[in-house]
Amino acid sequence: MLFHPGHHELHGVTVVVETAGPHTYIGRFDHEDAAGVHLLDVGIHEVGASPRDKHDYLQHTATFGVRVDLKHVVVPRTDIAAISRLGER
């Protein structure tokens, strides 16, 4: 069911955006355009810079919610390896 006609099916859904690099983003999917995927209220995990490994970070976030690092992030489409709903992980 699409709650916002005319929007992407993931609009408003908390998603995990994995990149080919060291960053993983968790945030509310807002929209996608030529610049990339726009996320709101975003938590960021960076391999090697975080005390938790990625699996633990995702599990902790799914349990306790997103710790917001940035209000808005645009992830370029070319950087994205995978997008999934946080609840599906």
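Trainee: In what order do the elements of the chain run from the N terminus on?

Mentor: They go β-β-β-α-β-β. Keep in mind that this is a predicted model.

Trainee: Noted. How many of the chain's residues count as buried, as a percentage?

Mentor: 30% of the 89 residues do.

Trainee: And which residues make up the largest nonpolar core?

Mentor: There are twelve: L10, V13, V15, V17, Y25, F29, V37, L39, V42, V73, V75 and I80.

Trainee: Let me click on V17. What does it touch, leaving out residues up to four places away in sequence?

Mentor: H23, T24, Y25, L39, V75, I80, A82 and I83. There's also another core, apart from the largest one, with five residues, including V16, I26, Y57 and L58.

Trainee: Switching topic: is H38 buried or exposed?

Mentor: H38 counts as buried because its relative accessibility is 8%, and the cut-off for buried is under 20%. You'll find H38 in strand β3.

Trainee: Which side chains does the H38 side chain make polar contacts with?

Mentor: One is D33, at 3.0 Å. Another is H72, at 2.9 Å. If you skip neighbours within four places in sequence, the residues in contact with H38 include R28, F29 and V73 as well.

Trainee: OK, salt bridges. How many are there?

Mentor: The count is five. Take R28 and D41: their side chains meet with N to O at 2.5 Å. That pair links distant parts of the chain, with R28 in strand β2 and D41 in strand β3, 13 residues apart.

Trainee: What else does D41 form a salt bridge with?

Mentor: With K71, where the closest N and O atoms are 2.7 Å apart. D41 is in strand β3 and K71 in strand β4, so this pair ties together parts 30 residues apart in sequence. R28, D41 and K71 are linked in a network of salt bridges.

Trainee: Is K71 buried or exposed?

Mentor: Exposed, at 59% relative accessibility. R28, on the other hand, is partly exposed, at 33%.

Trainee: One more: what does E32 form a salt bridge with?

Mentor: R77, with the closest N and O atoms 2.6 Å apart. E32 sits in strand β2 and R77 in the loop between β4 and β5, so that pair ties together parts 45 residues apart in sequence.

Notes: Residues numbered from 1 in each chain as written. Predicted model: local features only at pLDDT ≥ 70, side-chain atom pairs only at ≥ 80, totals over all residues. Heavy atoms only, no water. Core = buried A, V, L, I, M, F, W, Y, C linked by side-chain atoms within 4.5 Å. Buried < 20%, exposed > 50% of the residue type's maximum accessible area, 1.4 Å probe, protein only. Contact = heavy atoms within 4.5 Å. Helix = DSSP H or I, 4+ residues; strand = E, 2+ residues; numbered from the N terminus. Polar contact = N/O pair within 3.5 Å; in protein donor to acceptor, adjacent residues only side chain to side chain. Salt bridge = Lys/Arg side-chain N within 4 Å of Asp/Glu carboxyl O.
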